[in-house]
Amino acid sequence: MPLTESLRDDILAAVPSLRAFAISLSGNADRADDLVQETLLRALANIDSFQPGSNLPAWLFTILRNLFRSDYRKRRREVEDAEGNYAKTLKTQPSQNAHLEFEEFRAALDKLPQDQREALILVGASGFSYEDAASICGCAVGTIKSRVNRARSKLAALLYVDGAEDFGPDETVRAVIGGSGG
Amino acid sequence: MKDLKSQASKNTTPGKGGLTPEIQSRIGHQLRAMYDDVVRQGVPDRFAELIKKLDAPGATPQVENDGGTNDNNGRE
């Protein structure tokens, strides 16, 4: 369909979550914004292939995800100051405890295989249905479900000791993560 | 009453993948906190301008005349 005013507004409205997705995938704010920019250019250039009435965010996420994939293959992931770069994107400085917890989480997320990470983000953070996430990733719905489950289990194992039984109340976790009770 | 009961059993029964609902919700929480922090930053000017610039995609440089919109973005 042609680029109408309302379509343009919808694309613009999708930008914040595209950025969040790109940063979650790449762990690098500058690179994420380049990805978003390329996604927008590509979307606008191919706007004729967008089916009116279909899911615009899913379409845009698909473009971004594919760009990230091909980019990733080309240059592998540079081991860069992901945390530092990510921290730069934060508006508010979280408290020390929260910050530590945040970095732990970020680091654990980075340890997931890419397939699992993107599935978890799409379903758990972007709020896509399993069906939409499957179409974005070009795989079966069941595959997405099992990736999300494996991602959660792995995160739990990395962050909360052995996962299930050892999980205690917030204070315990905070003490473990923070290393000291103050 | 009923709620408390089911809540209690929920929190001790491992769900899919052997995770308790408590852990699942904690992971979901942190994931969304991380994500939403970026979402809340809104649209950087860079992208707003990019999309505005590409408004008329290379077609005939006709004045925007699409029936009744009153915004005069950038022009008088």
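1. Which residues of chain A does UniProt list for "domain: RNA polymerase sigma factor 70 region 4 type"? The unreviewed UniProt entry gives residues 103-155 of chain A. In this predicted model, that span is 81% helix and 0% strand, and its end C-alpha atoms lie 13 Å apart.

2. Helix H6 of chain A covers residues 114-124 and is mostly covered, with 9 of its 11 residues buried. Among the buried residues of H6(A) are A:Arg117, A:Glu118, A:Ala119 and A:Gly124.

3. The largest nonpolar core contains 49 residues. Those with the most contacts inside this core are A:Ala22, A:Val36, A:Leu64, A:Ala119 and A:Ala133. H1(A) provides the largest share, 9 residues. Both domain 1 (1-91) and domain 2 (92-182) of chain A supply at least three residues to this core. In soluble globular proteins, nonpolar side chains tend to be buried together.

4. Which residues are in contact with A:Ala22, leaving aside its neighbours within four places in sequence? They are A:Ala32, A:Leu35, A:Val36 and A:Leu64.

5. A:Glu38 belongs to helix H2 (residues 29-45) of chain A. This residue counts as partly exposed because it has 16 C-beta neighbours inside 10 Å, whereas a buried residue would need 20 or more. The C-alpha atoms of A:Glu38 and A:Gly124 are separated by 25 Å; along the chain, these two residues are 86 residues apart.

Note on methods:
Residues are numbered from 1 along each chain as its sequence is written. Chains are lettered from A and ligands numbered from 1 in the order in which they are written. This is a predicted model: local features need pLDDT of at least 70, side-chain atom pairs count only at pLDDT 80 or more; totals for chains, interfaces and linings use all residues. UniProt positions are given in the numbering used here, feature names are shortened, and annotations may be inferred rather than shown by experiment. Helices (H or I, at least four residues) and strands (E, at least two) are DSSP runs, numbered from the N terminus. A residue is buried if 20 or more other C-beta atoms lie within 10 Å of its own, exposed if 12 or fewer, and partly exposed in between; C-beta atoms are placed from the backbone. A nonpolar core is a set of buried Ala, Val, Leu, Ile, Met, Phe, Trp, Tyr and Cys residues joined through C-beta atoms within 7 Å. Domain bounds come from an automatic or database domain assignment. Two residues are in contact if their C-beta atoms, placed from the backbone, lie within 7 Å.
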